[in-house]
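I opened my notebook to look up how one chain is put together.

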Amino acid sequence: MKAVVLAAGEGVRLRPLTSARSKHMLPIGGKPLLEHTLLSLKAAGIQEITLVIGYHGMKIKSYFDDGTTLGLRLTYIEQEHPLGTAKAISLAEHYVEGEDFLVVYGDLLLSPNVFTDILMRNRSGVGIAMGVVPVPNPSQFGVVQVEDGFVKAISEKPAEPVEGNLINAGVYIFPGDVFRDIKKTKMSQRGEFEITDTLQSFIRKGESIGAVFLSAKNWLDIGRPWDLLEANERVLSRTELRVQGVVEEGVHRVGPVGVEAGATIRSGASFEGPVLVCKGSDVG
């Protein structure tokens with residue numbers, strides 16, 4: 001199965017960190033956020049991926065190139081204007097060639113289990129599969145109502161309180177003929193063509209959308225600067241941190257501390273792990 005990764009947005013809420021690069025290239029555990037997504041897709045058995053790029057898209061393209069270094073086959077689709085998720089997905093019609101395909105938002109930190117779970121649900125024969133995840137603040141996302149394993153309603157950032165804590169996780173599997181419905185999607189009040197509106201149209205027609213329940217420990221939305229702290233902690237906590245650079249005598253370390261080759265930690269410095277000191281750093 002092919003995958004489509006939506007990576008065209010800027011990440012306005014992450015300014016000024018995104019003033020010179022897109023949110024998808026912000027470093028998490030020594031790698032761009034987007035690289036973690038690509039590696040999770042690979043671990044789930046997906047190797048053919050197209051990236052929908054826009055804001056600072058050439059930096060994404062020059063970093064990953066054709067994906068050979070990651071053992072992937074990458075292609076790119078440029079979205080000149082950010083007009084919403086439905087519009088971005090519609091650009092991949094010729095790429096998927098009529099086959100089922102996976103879509104994932106590129107500003108999420110996801111474990112490979114997320115993709116294996118949704119792929120498994122797709123094999124059960126459901127037409128559309130959609131990831132849902134519990135969060136403590138559902139009104140900040142697209143709130144989802146689920147009954148008997150199927151999505152019954154989606155409310156995009158509702159103003160009024162809603163029941164339940166399940167939200168749209170930003171991971172889907174669509175059939176190859178979904179594009180005719182996507183093209184019928186009208187512009188929302190936010191001035192975008194949103195895939196959640198497309199999904200609502202399916203629900204109104206009585207078509208099934210299978211809900212895939214994801215664990216919150218395997219999913220994290222990177223929407224605010226402080227989300228980067230939790231993302232780094234998650235990644236570093238499951239990463240083998242090795243000392244390959246220079247660590248002088250007299251450095252105080254508590255917990256796991258990794259030092260990449262080309263980094264230096266000088267005497268008197270103190271670290272409380274998990275911490276990764278990347279190449280080019282000189283700490284003292």
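I count two strands as paired if DSSP finds at least two bridges between them. Helices (H or I, at least four residues) and strands (E, at least two) are DSSP runs, numbered from the N terminus. This is a predicted model, where local features need pLDDT of at least 70, side-chain atom pairs count only at pLDDT 80 or more, and totals for chains, interfaces and linings use all residues. Residues are numbered from 1 along each chain as its sequence is written, and side-chain values use heavy atoms, with hydrogens and water left out.

**Entry 1: strand β1.** I found β1 and β6 (residues 101-105) paired in the parallel sense over five bridges. L6 has Y105 as its bridge partner in β6. β1 also pairs with β4 (residues 48-53), in the parallel sense and over five bridges. There, A7 stands opposite I53.

I then looked up burial (buried is under 20% relative accessible area, exposed over 50%, partly exposed in between; 1.4 Å probe, protein chains only). Six of the six residues of β1 (residues 2-7) are buried, so the strand is largely enclosed by the rest of the structure. In a regular strand, side chains alternate between the two faces of the sheet. On one side of β1 I noted K2, V4 and L6, and on the other A3, V5 and A7, all buried.

**Entry 2: the core.** A nonpolar core is a set of buried Ala, Val, Leu, Ile, Met, Phe, Trp, Tyr and Cys residues joined through side-chain atoms within 4.5 Å. The largest has 70 residues, and I49, L102 and F174 have the most contacts inside it. Strand β11 (residues 166-174) gives the largest share of this core, seven residues.
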